[in-house]
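User: I would like to go through a structure step by step. Could we begin with the terms?
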Amino acid sequence: MRPDPEQAAAVQEPRGNLYAPITMTIADSRDETYDVRTLRLEFPGEAERAAFFKKYRVGMFGLYGVPGAGESVFCIASPPTRDRYIECTFRRAGRVTAALQDREVGQTITFRGPYGNSFPIEEWKGRNIVFVAGGIGLAPIRAVIWNILDRRDEFGDVTIIYGARTVADLVYKHELKEWQDRGDVRLITTVDPGGETDDWKGEIGFVPTVLEKVAPGSENAIALVCGPPIMIKFTLAPLRKLGFPDADAYTTLENRMKCGVGKCGRCNVGSLYVCKDGPVFTIEQVRKLPQDDL
Amino acid sequence: MKLIDANKLSDLASALAGAGYRVVAPIEDSGVVRLKEWTEGAAIRTDVIPVNSAKDFLFPPSEVIGHWDIDGDGFTPRDVRPDAPKTVLLAVRPCDAASLALLDTVFNWDYRDDFYNARRQAATVVPMVCTAADAQCFCTSVGGAPDAAASADAMLRSADGGAKFILEPLTDKGSALLGAAGDAVREGEATADPPAEVPRRFDVEAVTDWLSRNFESDLWVTLSLGCLGCGACAYACPTCHCFDMQDEATRRESVRLKNWDSCGFGLFTLHAGGHNPRPDQAARWRQRVMHKFAYIPERFNLLGCTGCGRCARLCGAGMSMSEVCQRIADETRKALTHAS
């Protein structure tokens with residue numbers, strides 16, 4: 001293959017600042033755990049809100065920021081079916097997330113997005129959906145869960161297997177209760193051995209083990225897996241054993257990003273840009289990537 | 001044809017500056033020849049390949065892309081636009097111009113980075129045909145040539161044994177530049193000097209082919225042993241375009257900067273949760289080679305290397321991209337020998 005100047009994309013007429021965010025107002029703030037918080041954000045105006053929801057499909061991500069601290073990438077944790085606001089859920093881990101958690105209701109943050117690809121849920125109508133999540137990996141899954149529950153009649157059985165290191169690390173506890181109490185969702189929660197409390201009524205064991213034990217049927221089913229890289233790695237074998245084809249099992253990659261729009265090169269894995277070609281991938285696609293780069 | 005006496009390039013720079021161009025040219029600076037903005041009295045040196053590349057003036061090391069006024073817990077954004085003065089990249093090298101195909105593509109595929117585009121549109125690219133090459137030059141191994149005119153608006157060709165330059169406009173921008181040159185350029189006849197002989201050092205298709213099958217190779221550890229992870233190679237590289245975004249703030253205002261970065265740095269891919277997909281220099285060096293010779297070709301049908309050799313001239317540990325590629329091409333040959 002030779003460099004071919006004819007292949008080069010033409011330089012376009014300058015138009016605006018690709019990196020300029022909009023300013024969002026914090027409408028609600030909820031502590032999920034001791035270091036994980038959910039923010040509900042409202043748009044500065046109807047034009048911005050409409051422009052966002054015209055593009056937004058579940059699975060996409062955004063860049064949330066505080067001037068002076070910077071921007072961080074999180075998924076959009078609320079579904080497009082709830083179109084007055086967006087929510088994000090994140091752990092306090094560095095300078096930006098600390099600045100974001102220090103903001104209070106009524107104050108503002110910056111936002112860019114939605115970016116990236118999405119879960120093809122329109123192709124899943126009539127199929128059973130199995131959600132497998134670990135820790136804060138429930139955030140992207142939660143957006144899909146609510147998207148499907150808000151359009152409940154269009155989908156088959158819904159099974160959610162969710163685990164965290166300890167009971168204290170489970171996020172969206174009030175929603176877990178809500179899903180538990182619904183008749184049309186099967187929810188199994190688990191904590192790692194040693195992470196249980198005296199009154200814990202869920203499973204005790206690692207997510208991959210519990211998945212194998214619960215053994216949701218793979219016929220006419222789609223699986224979604226989100227969580228720490230190590231959990232995803234060990235979930236692949238049970239999924240295969242249960243008969244889920246790699247092409248019907250989805251995950252999101254959480255590579256470090258800066259620009260979010262296919263320029264800065266940080267999220268490259270092989271020839272892919274996780275920010276543009278992802279963050280949603282099938283397990284079939286993930287298996288083809290250089291594994292050591294994940 | 002349009003001619004300039006070789007010792008009168010400064011007259012051309014002066015005329016262009018007078019016509020409103022920011023003139024960027026190879027200038028001796030503290031004993032080093034680098035591409036920098038020409039000012040009256042500066043000597044243009046065409047005999048040495050500059051340490052930096054022309055990308056510095058299209059995708060600068062640091063650029064403001066956001067600006068907020070801060071008032072307590074509130075902030076108000078200012079409108080930030082690219083600073084893109086009309087610029088001529090004068091007597092740069094064909095390997096500088098060759099990088100523009102990739103930079104144009106990266107900054108314009110899908111989303112468009114208008115900070116780059118504004119500078120690119122305001123730039124007139126005038127490479128000089130290389131009549132000498134050093135041991136690090138390998139443009140001919142990666143599809144280039146010492147007299148390649150790709151992405152050039154005009155070419156400077158050494159003539160009459162180095163006594164003159166022929167200035168040949170190739171685009172409207174090049175013609176406009178010639179119009180602005182005034183008396184610094186005269187009509188005449190001269191014989192162009194032959195371009196430099198740059199030996200072909202490796203078969204780039206063999207390199208790309210080997211890379212597609214050898215992500216796991218032990219050779220990566222061997223190849224990366226010298227690497228100090230300093231990032232100098234990425235900064236000098238005309239095609240390296242990875243960047244970081246950082247905020248710098250006082251109590252009253254904050255700017256957001258787009259700063260050069262490098263996949264050679266340990267922090268480049270480090271997750272907030274502590275996981276690092278490329279935890280050691282072998283993984284990072286592999287990414288550098290893979291990106292240039294396997295991933296960019298796969299993605300954009302271009303190469304991420306123009307064979308300029310700047311990385312090798314700068315490297316404090318003596319690492320050389322062309323030697324790495326030769327080594328990889330040798331591996332392919334060895335494998336073929338074993339197979340037969």
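Analyst: A residue is buried if 20 or more other C-beta atoms, placed from the backbone, lie within 10 Å of its own, exposed if 12 or fewer, and partly exposed in between. Strands are DSSP runs of E with at least two residues, and helices are runs of H or I with at least four, numbered from the N terminus. This is a predicted model, in which local features need pLDDT of at least 70, side-chain atom pairs count only at pLDDT 80 or more, and totals for chains, interfaces and linings use all residues. Residues are numbered from 1 along each chain as its sequence is written, and chains are lettered from A and ligands numbered from 1 in the order in which they are written.

User: Which way do the residues of strand 7 of chain B point?
Analyst: B:Ala123, B:Val125 and B:Pro127 point one way, B:Thr124 and B:Val126 point the other way, and all are buried.

User: Why is strand 7 of chain B largely enclosed?
Analyst: Five of its five residues (123–127) are buried, so the rest of the structure largely encloses strand 7 of chain B.

User: How many bridges join it to strand 6 of chain B?
Analyst: Five bridges join strand 7 to strand 6 (residues 87–92) of chain B, and the two run parallel; strands pair if DSSP finds at least two bridges between them. B:Leu89 has B:Val125 as its bridge partner in strand 7 of chain B.

User: Changing topic, what are the domains of chain B?
Analyst: Chain B has domain 1 (2–187) and domain 2 (204–339), with bounds from an automatic or database domain assignment. Their centres, taken over C-alpha atoms, are 25 Å apart.
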